Amino acid sequence: GSQQLTLGQNELGEGQNLTLPESTTTVTLNKKEKDVSEERAEEEEERASKNDSRLVLLYSAGIMEPMASRLLEKAWVTKEYLEAHIDKANKEGTPIGLLIHRIRSHDPIPKKEFDPTDPASYRCWLK
C-alpha cells in the first residue's frame, strides 16, 4: 500500500496515477540499449575479421594475448609487415621478446633475401 515519489514532484493524492513521459519508459530505454549493443557487435565483428589474419600470424609466432591485441592497435602493423618480421625471426631464431620489441618499435620491414626458386623473390630484386 505504499507509493514511491520521484524527487521534485508534489505528493500524489490517493486517486492519482504517476505517468512517465514516453521517452523515458523502460521499453524505449531498452530499445536504445539494444540498438547501441547491435552497433557495437557489428563494429567488433568488422574489426575481428580485419584483424583475424594478423592475429593468426601473431599466434603462430608465439605472441599471445594481451600483447597480440596491443600490437594490432598499432597503425603500421599490417599483414605484410608481420609476415616479413616473423619470417626473419624464424630464420634467425630470434626470441619472441625481441620480435615483439621490433614490431612495437616500428622497425623497418626486413628486406627479403634473394631466393632463385621463388618467383616473388625476382620481383623484389627488380624494384
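Here's what I'd like to start from: is Arg102 buried or exposed?

Author: Arg102 is buried, with a relative accessible area of 18%; the cut-off for that label is under 20%. Before going on, keep in mind that this is a predicted model.

If you take the contacts between residues at least 6 apart in sequence, 42% of them join residues at least 24 apart.

Now for the spot itself. Arg102 sits in helix 4, which covers residues 96-104. Leaving aside residues up to four places away in sequence, Arg102 touches Tyr81, His85, Lys88, Glu92, Thr94 and Asp107. Find Tyr81, His85, Lys88 and Glu92 on your screen and you'll be looking at helix 3, where they are among the residues that meet helix 4.

So how do the two helices sit against each other? Helix 3 (residues 79-92) and helix 4 pack at an angle of about 150°, and their axes are 11 Å apart. An angle over 145 degrees counts as roughly antiparallel, and therefore that is the label for this pair. The crossing of helix 3 past helix 4 is right-handed. On the helix 3 side, the residues that take part are Tyr81, Leu82, His85, Ile86, Lys88, Ala89 and Glu92, and they meet Leu99, Arg102 and Ile103 of helix 4. Sorted by class, that contact has six nonpolar, one polar and three charged residues.

Helix 3 deserves a look of its own. It has 14 residues and reaches 20 Å from its first C-alpha to its last, close to the 20 Å expected at 1.5 Å a residue. The buried residues of helix 3 are Tyr81, Leu82, Ala84, His85, Ile86 and Ala89. Tyr81 and His85 are also among the residues that Arg102 touches. Just after helix 3 comes Gly93, with a positive phi of about 70°.

Tyr81 and His85 have another neighbour as well. Ile109, in the loop between helix 4 and helix 5 (119-126), touches Tyr81, Ala84 and His85, again not counting residues up to four places away in sequence. Ile109 and Ala84 are 25 residues apart along the chain, while their C-alpha atoms are separated by 6.3 Å. Ile109 is partly exposed, with a relative accessible area of 46%, whereas Ala84 is on the buried list for helix 3.

In that loop between helix 4 and helix 5 you'll also find His106. Its phi is near 60°, a positive value in a residue other than glycine. His106 is partly exposed, at a relative accessible area of 43%.

Go back to helix 3 and pick out Lys79. At 37% relative accessibility, Lys79 counts as partly exposed. Lys79 touches Ser53, Arg54 and Leu57, with residues up to four places away in sequence left out. The C-alpha atoms of Lys79 and Ser53 are separated by 7.3 Å, and the two residues are 26 apart along the chain.

One last stop, away from Arg102. Glu65 and Pro66 are joined by a cis peptide bond, with omega about 0°. Pro66 is in the loop between helix 1 (26-60) and helix 2 (67-72).

Key
Residues numbered from 1 in each chain as written. Predicted model: local features only at pLDDT ≥ 70, side-chain atom pairs only at ≥ 80, totals over all residues. Heavy atoms only, no water. Axes fitted to C-alpha atoms, helices over the stretch in contact; angles between N-to-C directions. Helix = DSSP H or I, 4+ residues; strand = E, 2+ residues; numbered from the N terminus. Parallel < 35°, antiparallel > 145°, perpendicular 65-115°, else oblique. Left-handed = near helix turned anticlockwise from the far one by under 90°. Contact = heavy atoms within 4.5 Å. Nonpolar A, V, L, I, M, F, W, Y, C, P; charged D, E, K, R; others polar. Expected span 1.5 Å × (residues − 1). Buried < 20%, exposed > 50% of the residue type's maximum accessible area, 1.4 Å probe, protein only.
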